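Me: Hi! Could you walk me through this structure? I'll have a few quick questions as we go.

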Amino acid sequence: MNDDFKMSEVQPPLSRVGGLAFSSATVVYVVLAFFAGLLIKGLKIEEGSSAFVYISYLVAPVAIVAVTAFFVGTKKISAKQAFPLKCHPKYFAIAILLVFGLQFSVGYIDAPVLEFFKLLGYRERGSGAYFPNLEGGLVVPAFLVMAIMPAIFEEALFRGVILNSCEKSMGSIPAVLSVGLCFMLFHASPEQTVYQFIAGCAFAFIAVRSGSILPSVLMHFINNGLIVIFAACGLFDEAGQLVMPQTAFIVVTTLSALSFAGAAVWLALDKKRGLVKGDKAGVIQFYKYAALGIIALTLSWILNFVMSGANV
């Protein structure tokens, strides 16, 4: 047997806790989104306004905090198991290399996928639809809601409760891929489908190798924080692509691609924390309990796709 793998201890599959946490987060998110929609309609808040954007962004963190607190508070998973913090400093360096690659090279993978979606009738949203007013000091609340809160709360749920519930019974690689899938679906964004999946897997893989959620928190914060800063500086075009001279684009994209590949290989070869070999029962348990969330969010993704023409 490969030394990189360790047999999981014989125990009831905890992956059901991860699946249930995902479905619960989805249900709470849908319910809160419904009431947020009523609030927006009742207050006659204009779509695309700063108030509309902030309300839309705050629904997910509130749902995630409620579900995460419930699962940890009821001891379905202990806080120590869900939120491991200690890790070797090298993983923070790897995290920076990975997020540099994600931001400036991997993100462009969505471009050809989006072009294919357009052939099927999809109409992408303009970049301005994603941001509130970022002028002057208004960038501070945007940074809090769009960078700091997701980095903490989304990591607590996906790379905390869900990943650490699933890994021992599912196995490290199936858990990483499953968390990446759930992370992608939770964002329900056709424009960023591939990017969100790869980012979700990258966040999960560094959490698995480091044995801590802190490197993925750092990655998530840098990723979202840079987006807010670039938007505040007016560096995105209408399609949401970063504007830069052609030469700079080639250099930055090449370096970031090498950075991502190098960091990924570094993690793959790292033996400080071996990968866990799970079993099919753990995988089945996860998807059995996560099915409600997966189906609901897949339908949401499809609805966003179909209704895209009404948003332009």
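This is a predicted model: local features need pLDDT of at least 70, side-chain atom pairs count only at pLDDT 80 or more; totals for chains, interfaces and linings use all residues.

Me: What is phi of Ala-188 near?

Reply: Phi of Ala-188 is near 45°, which is a positive value in a residue other than glycine.

Me: And Lys-44, what does phi look like there?

Reply: For Lys-44, phi is near 55°, again a positive value in a non-glycine residue. Lys-44 lies in the loop between α1 (15-42) and α2 (50-73).

Me: Buried or exposed, that Lys-44?

Reply: Exposed: the relative accessible area of Lys-44 is 75%.

Me: OK, let me zoom out. How many helices and strands are there in the chain?

Reply: The chain has 11 helices and 2 strands. Going along the sequence, they come as β-α-α-α-α-α-α-α-α-α-α-β-α. The radius of gyration is 19 Å, close to the 20 Å that the globule rule gives for 312 residues, so the chain is as compact as a globular protein of that length.

Me: What box do the C-alpha atoms fill?

Reply: Taken along the principal axes, the C-alpha atoms fill a box of roughly 55 × 50 × 40 Å.

Me: And the surface, how much of it belongs to carbon and sulfur atoms?

Reply: Carbon and sulfur atoms account for 71% of the accessible surface, which comes to about 15100 Å². As for the inside, buried residues make up 45% of the 312 residues in the chain.

Me: What about contacts, how many join residues at least 24 apart?

Reply: Counting contacts between residues at least 6 apart in sequence, 85% join residues at least 24 apart.

Me: Back to α7. Where does Met-184 sit, and what does it touch?

Reply: Met-184 is in helix α7 (residues 172-187). Leaving out residues up to four places away in sequence, Met-184 touches Thr-193, Gln-196 and Phe-197. Met-184 is buried, because its relative accessible area is 14%.

Me: You mentioned Gln-196. Which residues is it in contact with?

Reply: Apart from neighbours within four places in sequence, Gln-196 is in contact with Gly-180, Phe-183, Met-184 and His-187. Gln-196 belongs to helix α8, and at 9% relative accessibility Gln-196 counts as buried.

Me: Now a charged-type side chain. Is Glu-155 buried or exposed?

Reply: Glu-155 is buried, with a relative accessible area of 0%. Glu-155 is found in helix α6 (residues 139-170).

Me: With which side chain does the side chain of Glu-155 make a polar contact?

Reply: With the side chain of Arg-159, at 2.6 Å. Setting aside neighbours within four places in sequence, the contacts of Glu-155 are Pro-150, Gly-160, Phe-203, Ser-216, Val-217 and His-220.

Me: Switching to α4. How far does it reach, and what is expected?

Reply: Helix α4 (residues 90-104) has 15 residues and reaches 22 Å from its first C-alpha to its last, close to the expected 21 Å.

Me: Which residues of α4 are buried, and what covers them?

Reply: The buried ones are Tyr-91, Ile-94, Ala-95, Leu-98, Val-99, Gly-101, Leu-102, Gln-103 and Phe-104. Their cover includes α8 (193-210), α9 (214-232) and α10 (246-269).

Me: Last topic, cysteines. How many disulfides does the structure hold?

Reply: The structure holds 0 disulfides. Cys-87 is in none, and the nearest cysteine sulfur, that of Cys-201, is 20 Å away. Cys-87 counts as buried, at 18% relative accessibility.

Me: Great, thanks!

How values were computed. Residues are numbered from 1 along each chain as its sequence is written. Side-chain values use heavy atoms; hydrogens and water are left out. A disulfide is a pair of cysteine sulfur atoms within 2.5 Å. Buried means under 20% relative accessible area, exposed over 50%, partly exposed in between (1.4 Å probe, protein chains only). Helices (H or I, at least four residues) and strands (E, at least two) are DSSP runs, numbered from the N terminus. The expected span of a helix is 1.5 Å times one less than its number of residues. Contact means heavy atoms within 4.5 Å. A polar contact is a pair of N or O atoms within 3.5 Å; within protein, one must be able to donate a hydrogen and the other to accept it, and residues adjacent in sequence count only if both atoms are side-chain atoms. The radius of gyration is taken over C-alpha atoms; the globule rule is 2.2 Å times the number of residues to the power 0.38. Accessible areas come from the Shrake-Rupley method with a 1.4 Å probe; for residues, only the protein chains shown count as cover.
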